[in-house]
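Have the viewer open as you read.

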Amino acid sequence: MVNADSPQAEADRRERPRADTSHAPVFGGSSLNPFGDLHTLQHMSARLARSLRGVFDSLLTNGVRSWAEPVSVERFIDYRAERGDDLSAYLPLAIEPGAGNALLVLDARFVLKLLDLYFGGTGETPHHLPSELSASCEAMVLRVAAMIHAPLEAAWEPLTRLAFEPRSVESNPAMLPGLDGEDPVIVTRFGLVEEGEEPVFIDLLYPVAALKPHGAQIMTKVHGRTAEPDPKWRNSLTRSAMGVKFEVRSVLAEPVMSLGRLMELKEGDVIPISFGPQVPVMVANNRLGTGTVGTSNGKAAIRIHRIDRIEEED
């Protein structure tokens with residue numbers, strides 16, 4: 001199932017009517033959504049939601065949970081009516097390559113909370129919102145955009161390689177360049193909730209016209225599960241992997257000498273060395289463990305006394 005939600009996440013959802021993604025055509029008009037069921041964009045949103053948790057963990061004080069709401073398509077004028085008259089920050093993100101802007105939308109109260117936390121406060125916000133965004137608020141919106149820039153592009157990369165360059169923050173959606181009220185937009189909404197707090201929502205809007213050049217990638221079917229590998233192939237791969245050979249070595253001592261002493265060495269000179277009862281055993285550049293030096297069947301050998309776990313990232 002795409003982006004399955006926990007019962008708690010379902011309880012956190014904003015009680016707003018959302019447009020259905022099917023969008024049957026109206027008389028004399030055409031469908032708002034030319035991209036089908038939008039499953040691919042829903043998968044992309046789920047990937048981005050996981051990344052947003054790490055972004056906002058660094059901005060907020062308590063642990064953050066994040067999720068992606070169902071993707072919808074609606075006219076921009078309907079989206080604005082849904083948001084109501086509360087002050088919001090709209091930040092166009094120029095889509096490259098191509099034309100048009102995506103739109104990052106943040107509630108002004110959430111921006112004020114982030115701003116207060118940034119300056120060492122507790123996240124308090126005024127009871128009455130201001131009539132417009134201050135320069136500090138706009139700077140905070142740009143800071144948030146810079147932090148989600150890399151996760152956003154990474155989330156899109158499996159579909160198509162896009163860049164999103166932030167422009168100027170606007171609080172009046174009527175002043176946004178290149179976006180008319182009748183233009184259809186794809187709404188991707190992300191929920192964030194701190195422990196003991198009410199959820200907040202971040203919206204990323206994509207004008208349908210701006211994504212039409214990438215329609216083939218957006219309509220690509222996404223499979224939720226991959227097929228199980230063939231058992232014979234898997235067993236053969238395992239046998240081959242188990243036959244790979246590695247160089248195992250041990251360094252008994254690494255004495256340090258000056259350049260002058262090295263240049264004076266001649267045949268017959270003795271370099272004193274010392275080593276403890278335990279010597280390291282190495283595989284490639286990783287330490288396998290330690291052991292003691294001895295003999296076995298008349299040959300020098302090392303008896304393993306301890307195996308060290310090799311970290312995955314090594």
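## The enclosed cavity

The lining of the largest cavity splits into 7 nonpolar residues, 1 polar and no charged. Here Ala, Val, Leu, Ile, Met, Phe, Trp, Tyr, Cys and Pro count as nonpolar, Asp, Glu, Lys and Arg as charged, and the others, Gly among them, as polar. The residues in question are Leu93, Leu104, Ala145, Ile148, His149, Leu152, Phe164 and Pro166. α5 (135-156) and β5 (163-166) each put in at least two of the lining residues, and α5 has the largest share, with 4. Helices (H or I, at least four residues) and strands (E, at least two) are DSSP runs, numbered from the N terminus.

This is a predicted model, so local features need pLDDT of at least 70 and side-chain atom pairs count only at pLDDT 80 or more, while totals for chains, interfaces and linings use all residues. Residues are numbered from 1 along each chain as its sequence is written, and side-chain values use heavy atoms, with hydrogens and water left out.

How many cavities of 30 Å³ or more does a search of the whole structure find? The search turns up 1, and the largest cavity has a volume of about 40 Å³. On a 1 Å grid over the protein atoms alone, a cavity is a set of points where a 1.4 Å probe fits but cannot get out, and a pocket is an open set with protein on both sides within 12 Å along at least five of seven lines; lining residues have an atom within 4 Å of a point. Points are joined across faces, edges and corners, and a volume is the space filled by probe spheres set on them.

The largest pocket comes out at about 480 Å³. It is lined by 23 residues, and the closest to its centre are Asp107, Arg109, Phe110, Pro199 and Val200. By class, that lining has 10 nonpolar, 3 polar and 10 charged residues.

α4 (108-118), β6 (184-194) and β7 (200-207) each supply at least two lining residues. The largest share, 4 residues, is from α4.

α4 has 8 of its 11 residues buried, so it is largely enclosed by the rest of the structure; buried means under 20% relative accessible area, exposed over 50%, partly exposed in between (1.4 Å probe, protein chains only). The buried set is Ala108, Phe110, Val111, Leu112, Lys113, Leu114, Leu115 and Leu117. Their cover includes α2 (39-57), β3 (88-96), β4 (101-107), α5, β6 and β7.

α4 and α5 pack at an angle of about 90°, with their axes 9 Å apart. From α4, the contact (heavy atoms within 4.5 Å) uses Val111, Leu112, Leu114, Leu115 and Tyr118, and from α5 it uses Ser136, Cys137, Met140, Val141, Arg143 and Val144. That contact has 9 nonpolar, 1 polar and 1 charged residues. After α4 comes glycine 120, with a positive phi near 90°.

## Two loop residues

Is glutamate 132 buried or exposed? At 55% relative accessibility, glutamate 132 counts as exposed. It sits in the loop between α4 and α5, and its C-alpha is 9.2 Å from that of alanine 89, 43 residues away along the chain.

Histidine 214, in the loop between α6 (208-211) and α7 (215-218), counts as buried at 9% relative accessibility. Leaving aside residues up to four places away in sequence, histidine 214 touches Pro97, Thr160 and Leu162.

Methods. Axes are lines fitted to C-alpha atoms, for helices over the stretch in contact, and angles run from 0 to 180 degrees between N-to-C directions.
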